[in-house]
Amino acid sequence: MRGNTVIAGFGQTSAGRLPGRGTDSLTAEAARMAIADAGIAKEEIDGLFVKYPTSGHRPMYGQTIAEVLGIQPRIGGVWDQGGATNISMISFAAMAIEHGQCEIALVTTADNPKSGSRQAYERAWGEDAIHGWFGTPAGYAMIARRHMEEFGTTHEQLGAVAKACRRHGADNPAAQLQAPLTLDEYMDSPWVVDPLKRADCCLISDGGAAVIVMSRRRAETIGVSHPVSILGFGQGQTSWEVAQRPTLTETAAAVSAKTAFAMAGVRPADVDTAQVYDCFTITALMTLEDYGFCAKGEGGKFVEDGCIEIGGELPVNTSGGLLSETGMPGMQLVIEGVRQIRGTSTNQVRDARVCAVANQGGIMHTHSTLVLGQS
């Protein structure tokens, strides 16, 4: 399937606190932009893949979105793998197109936890709540602490991830947080859950995003002006809660990346830029290890000295990622990957031909990988 399907268009709303905007409205705005970017009519869409909104799910939500958009898809539905969902849906759309189940698919996500409910992020985690385990940061804090104890990872190294993403977001006029960060400022930021500081934690954002997926042949036939090839994709699943896992420093990202890189026929050394899920700095650091950009335990050293900043060895999250552009879970990373391959990013990597995109959900429960390249 390497290169048989393309991302033909994308749309992205503004991000931040958007009072009065529900997920229907945000989806419609993003979809309208994606359809226009691809240069198609909405009536041509016959596949609809919708991410479950964490701030409030409704039964038959996929059909509601189809009605809002005024389309009648042959295939579609609502998916939930947390932040891994968006790339997974793109891969499902590519497989459906490959096997004749649809011809043009719209893949959408929208949520409003900033102005609506953020209960999904604040909830108690089962019986462990009696010990004070509330909210998503607690699980990531356990993982970060284990990585620090096992490999000697430092706060300054986690701060290097935050510094890179904040630098790139500051250059992005559409970013929710356009404020560069020094390591001193990082070290002075308040604790959230030890060892995670405020600057280690992603934004909470309202917003929506969408992409159009179609076959390369269809894109050529209708004259899509700037298609980006889907070279490979993969998934990995962890079915254990954090406290039951045999290790906290390895994730299913390794399985996901291996699958996607094999399909794409590339190695980590072939990747020019990576858009890596950074709900917390430790997530991005461990993903870089599990993708093979550096050895396990060497992620801290790898991100030092500007290696993941523009001009470095592997520019990461060039639009700011979840730490700076928007806390929306994952599609913004795909869209920045598309911009990089098109050559239209505000932080463009010179001669970018291969981009790896990483999505991750839950507390490193789910992972999905997308490899994009020039058509």
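This passage describes the overall build of a predicted protein model and then a selection of its residues.

The model is predicted, so local features need pLDDT of at least 70 and side-chain atom pairs count only at pLDDT 80 or more, while totals for chains, interfaces and linings use all residues. Residues are numbered from 1 along each chain as its sequence is written, and side-chain values use heavy atoms, with hydrogens and water left out.

The protein has 13 helices and eleven strands. These elements are DSSP runs numbered from the N terminus (helices: H or I, at least four residues; strands: E, at least two). The radius of gyration is 19 Å, close to the 21 Å that the globule rule gives for 375 residues, so the protein is as compact as a globular protein of that length. The radius is taken over C-alpha atoms, and the rule is 2.2 Å times the number of residues to the power 0.38. The C-alpha trace spans about 55 × 45 × 40 Å along its principal axes.

Of the 375 residues, 58% are buried. Buried means under 20% relative accessible area, exposed means over 50%, and partly exposed lies in between (1.4 Å probe, protein chains only). The accessible surface comes to about 14600 Å². Carbon and sulfur atoms account for 50% of this surface. Areas come from the Shrake-Rupley method with a 1.4 Å probe; for residues, only the protein chains shown count as cover.

Contacts (heavy atoms within 4.5 Å) were also counted. Among those between residues at least 6 apart in sequence, 76% join residues at least 24 apart. The protein carries 30 positive and 40 negative charges, and their mean positions are 4 Å apart. Lys and Arg count as positive and Asp and Glu as negative; His and the chain ends are not counted. Each charge is placed at NZ of Lys, CZ of Arg, CG of Asp or CD of Glu.

Thr-369 lies in strand β11, which covers residues 366-374. Thr-369 is buried, with a relative accessible area of 0%. Its side chain makes a polar contact of 2.6 Å with the side chain of Tyr-291. The side chain of Thr-369 also reaches the backbone nitrogen of Ala-257, at 3.5 Å. A polar contact is a pair of N or O atoms within 3.5 Å; within protein, one must be able to donate a hydrogen and the other to accept it, and residues adjacent in sequence count only if both atoms are side-chain atoms.

Helix α10 spans residues 281-290 and is mostly covered. Ten of its ten residues are buried. Among them are Thr-281, Leu-285, Glu-289 and Asp-290. Gly-292 follows α10 and has a positive phi, near 90 degrees.

Thr-85 is buried, at a relative accessible area of 1%. Its side chain reaches the backbone oxygen of Gly-82 at 2.6 Å. Not counting residues up to four places away in sequence, Thr-85 touches Lys-51, Trp-79 and Asp-80.

Several loop residues were also examined. His-131 sits between α4 (119-122) and α5 (136-151). At 68% relative accessibility, His-131 is exposed. His-131 and Gly-83 are 48 residues apart in sequence, and their C-alpha atoms are 26 Å apart. Leu-181 sits in the loop between α6 (155-170) and α7 (183-188). Leu-181 is buried, with a relative accessible area of 9%. Its C-alpha atom is 9.5 Å from that of Ala-160, a residue 21 places away along the chain. Beyond neighbours within four places in sequence, Leu-181 is in contact with Ala-162, Lys-163, Arg-166, Tyr-186 and Ala-199.

The peptide bond from Asp-194 to Pro-195 is cis, with omega near 15 degrees. Pro-195 lies in the loop between β5 (191-193) and β6 (196-197). Met-60 is not a glycine, yet has a positive phi of about 55 degrees. This residue lies between β2 (47-51) and α2 (61-69), and at 57% relative accessibility Met-60 is exposed. Met-364, also not a glycine, has a positive phi of about 55 degrees. Met-364 lies in the loop between β10 (354-361) and β11, and is buried, with a relative accessible area of 4%.
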